[in-house]
Amino acid sequence: MKFLVTKDLAHSTLLSYLMGSVVFAILFYLGFDIVLHAYVIGLDMHSISVTLFGDAENFVEPVLIDSLLLQVHIDLFMTLFAIVILSSIYIRLYSSKGMTKWVVHLLFILGMLAPLALLVAYFVSAYFTAVWLISFVLWHILASIVAVITLKKLLFK
């Protein structure tokens, strides 16, 4: 409990291993999330547009709205869950740094923009598929960097 007050991990190695394990699990989640989206939606502009809007020449049906809404719902929940855990550990360890606030805000904005841009692309304009792709890739890269920095501080003091 001393860590919760002083932020000192020297006296609680078990807590640092626990937080490190959680951050390591989030790194696994980020990797598997990229693989899942590459399989379900695609990670290039052509496969994303074929998934969302179909392809009449190749007889590919567009994604059903209930499947898309389910995917976006799961993405919003899991992204928020990962961001809250990752950012709370990061803030606790790096609260004295000036960039911490900006990193956490950018992580949250990119993480929430990705699923919402996918919905906007489906309902409003295909141009938002690029917004989805960019925000999806950037939030995964930023979250991975934050996770590695956090693991470095937790495990290699």
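Angles under 35 degrees count as roughly parallel, over 145 as roughly antiparallel, 65 to 115 as roughly perpendicular and the rest as oblique. Keep that handy for the tour.

What you have open is a predicted model, where local features need pLDDT of at least 70, side-chain atom pairs count only at pLDDT 80 or more, and totals for chains, interfaces and linings use all residues. Residues are numbered from 1 along each chain as its sequence is written, and side-chain values use heavy atoms, with hydrogens and water left out.

**The whole chain.** Start with a cartoon view: there are 6 helices and 0 strands, in the order α-α-α-α-α-α. Helices (H or I, at least four residues) and strands (E, at least two) are DSSP runs, numbered from the N terminus. The C-alpha trace spans about 65 × 25 × 20 Å along its principal axes.

**Helices 2 and 4.** Now select residues 13–40 (helix 2) and 65–93 (helix 4), which pack at about 155° with axes 11 Å apart. Axes here are lines fitted to C-alpha atoms, for helices over the stretch in contact, and angles run from 0 to 180 degrees between N-to-C directions. Helix 2 and helix 4 are therefore roughly antiparallel.

Show side chains next. On the helix 2 side, look for residues including Met-19, Ile-26, Tyr-29, Asp-33 and His-37; facing them from helix 4 are, among others, Gln-71, Asp-75, Thr-79 and Ile-89. Contact means heavy atoms within 4.5 Å. The residues of this contact split into 12 nonpolar, 3 polar and 2 charged; Ala, Val, Leu, Ile, Met, Phe, Trp, Tyr, Cys and Pro count as nonpolar, Asp, Glu, Lys and Arg as charged, and the others, Gly among them, as polar.

**The lining to finish on.** Select Tyr-29, Asp-33, His-37, Asp-75, Thr-79, Gly-111, Ala-114, Pro-115, Trp-132, Phe-136, Trp-139 and His-140, which line the largest cavity. On a 1 Å grid over the protein atoms alone, a cavity is a set of points where a 1.4 Å probe fits but cannot get out, and lining residues have an atom within 4 Å of a point. Helix 6 gives the largest share of this lining, 4 residues. By class, the lining has 6 nonpolar, 4 polar and 2 charged residues.

Key
On a 1 Å grid over the protein atoms alone, a cavity is a set of points where a 1.4 Å probe fits but cannot get out, and a pocket is an open set with protein on both sides within 12 Å along at least five of seven lines; lining residues have an atom within 4 Å of a point.
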